[in-house]
2 protein chains.
Amino acid sequence: MSVDALPTRPVFYVSDGTGITAETVGHSLLTQFSGFNFITDRLSFVDDPAKTEAACERIVLAAERYQVRPIVISSCVDVSRTARLRQSGALVIDVMAPFLATLEAELDAKHMARVGQAHGIVDFERYHRRINAMNFALTHDDGVAINYDDADVILVAVSRAGKTPTCIYLALHYGIRAANYPLTDEDLEHDRLPPRLRPYRNKLFGLTIDPEKLAQVRQERRPNSRYASLETCRREVMAAETMLRMERIPTLSTTHTSIEEISSKVMTTLDLNRGML
Amino acid sequence: MSVDALPTRPVFYVSDGTGITAETVGHSLLTQFSGFNFITDRLSFVDDPAKTEAACERIVLAAERYQVRPIVISSCVDVSRTARLRQSGALVIDVMAPFLATLEAELDAKHMARVGQAHGIVDFERYHRRINAMNFALTHDDGVAINYDDADVILVAVSRAGKTPTCIYLALHYGIRAANYPLTDEDLEHDRLPPRLRPYRNKLFGLTIDPEKLAQVRQERRPNSRYASLETCRREVMAAETMLRMERIPTLSTTHTSIEEISSKVMTTLDLNRGML
C-alpha cells in the first residue's frame, strides 16, 4: 500500500526552544506506529503569546484540512503555553511536565522553568570542546594527519564504508576526537595492521560493509570506475575483514546500521563514556 | 559553589537501542534543575536479559557508592525490561510507555514494540539523502564550490563565525544541503552582496558574532596574527553587519547561540520544513 493510501494524521512538534527534544521523542513514538501517513511540522521558538496564537491557528487549519484531530508533541517549559495549545482541540502530549513533577518530588527541588536550557549554550567549555572535536574530525579525515596521539578513536575501513559521517557525529554530539584511516591498496596486501596504526591499537575500531552496498555507494561517486566495481569492492572488503579479525580489532558492519547506532556502538565498545553536548 | 560541593546524583540513560531518545529527554529534564551534580552514564543496546541484569548491577553499585537513589531514564521499548530496572530500587522514568498508551488510544492502533526503530536505518532513501547532504556540506565549505544551484541554504559570514558546524548539523540531521560563503576582505570593502551570491538571494542567511568572541576563537587558531586581532575582528564584523543589513539578509548572532539553535532559526526563517532524519 502506498503512503498516500494510508490514513493521514498531522503532527506538530511545538517548543519554546529549538524543538529538538519534542521532535526526538515524537519521532521515536511515531516510528512505533505503522499504517499511518504522519505529516509533521516543527514549530520552534514559540516563546510569546502571539507566537502561541499563530501556532494554534496552524493546528486548527490542519484539523480542517485533513478532517482529523492533529497530534501536538510539546516540550514547552511554560505550562500555560501547553494549556493554550490544548484549547486548539488537538491531542497534546507534553513530554516534559509529567517527568518534571516526578523529578521535583524525588529531588525535593523546584525546576527552573527557564527556556532554552537543553540546547542553548550554557557552558562555553563544552561548546569549545565540541567545535574543537569537529575541527579535529575534519582535519584528521581520510588519513591526512600524520599523528593520532590526540585521537580518542580511529575508525579503520576501506573507502566509503561510513567513516567520515561517524567521525563527525561523534565530534558534534559528544566532543569525541575521532580520526579515520582509510585502508589503501598497499595496506590490504598484508594481513597485519598498517605500521602507522600499530601504536594506537586500543583506539582502533573497524567498520565493514556488504560489498554490494559498497559498490552502490561508490558507483554514485565515480560511476563505472574500477574503484566502484563489485569485484574491487569484494576484494577490498574481504581483505579488510581478514586483517581486522586477525588483529582482533572490534568491527561493526555499517550495512544496516545508522550513524547513531555506529556511534553508540563505538562509544560502548571503547568505553568512551561521554555525555551528549 | 563548586560542582563538587553540590549533592551528587547518579543518572543512567538506559535503552535497548542507541539511547539517544533517553539521553535527549533526560538532558532536557536535568538542565531544569540547578544545584545538583548529576553523574550520567549511558547504557545502550540493553536488549537481552543478561544485559538487563548487568545494567541493574551497575545501578545498584552506584546507589551504594553515592549513598543515594539513582535516577534511571529509560526508553526501552520492552516494558518487562523497564519493570526489571525498577526492581533495582532506582527511580525509573519511562519516557516512552505513557505516551505510547495515549497514542494507541488516539490512533486506535497497537504500537509495534520493535526495538531500534527511531535511530536505526529504516529508509535507505532517507539515509542517502543524509549522506549526500553531508558530502555537499563538506565540498561546499568555505566558498570552494563555484555553483550554489543545488544548495538549500547558503550561510554568509566572516571566517570563524560558526558557518561550518551549522552546515554540517543541518546536513546530518535534516538532510539539508547547506553551503557556506566566507566574506573576503575584498567583499567587505563593498556594502553590496558579493556578485556570486546575488542570484541566490532567497537562500542566504547571515551569521554574525561579537568581535571579542571572534578574536578569542581566531586566537586559538592563529595566535597573535593580524587575522586574530581585535581590531581586524571589529572591522570585519562591522562591515559584514552593514552589508547584511543593507541587503536585508536575515541574520543571527552566534555569540550566545548553540549550533542547534542556529540550525532551528535558519530552518524557521527560510521555511525549510524538513523532518529529523
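This is a predicted model: local features need pLDDT of at least 70, side-chain atom pairs count only at pLDDT 80 or more; totals for chains, interfaces and linings use all residues.

1. Residues are numbered from 1 along each chain as its sequence is written, chains are lettered from A in the order in which they are written, and side-chain values use heavy atoms, without hydrogens and water.

2. The domain assignment, automatic or from a database, divides chain A into domain 1 (3-107) and domain 2 (124-269), whose C-alpha centres lie 38 Å apart.

3. Chain A has an open sheet of four strands in the order 6-5-7-8, paired in parallel (strands are DSSP E runs of at least two residues and helices H or I runs of at least four, numbered from the N terminus; pairing requires at least two bridges). Strand 6 (178-182) and strand 8 (251-253) of chain A each have a single partner strand, so one side of each is left without a neighbour in the sheet. Three bridges join strand 7 (residues 204-208) of chain A to strand 8 of chain A, and A:Thr208 stands opposite A:Ser253.

4. Helix 9 of chain A packs on the sheet, touching strand 5, strand 7 and strand 8 of chain A (contact means heavy atoms within 4.5 Å).

5. Helix 8 (residues 211-221) and helix 9 (residues 230-246) of chain A pack at about 125 degrees, with their axes 8 Å apart; axes are lines fitted to C-alpha atoms, for helices over the stretch in contact, and angles run from 0 to 180 degrees between N-to-C directions.
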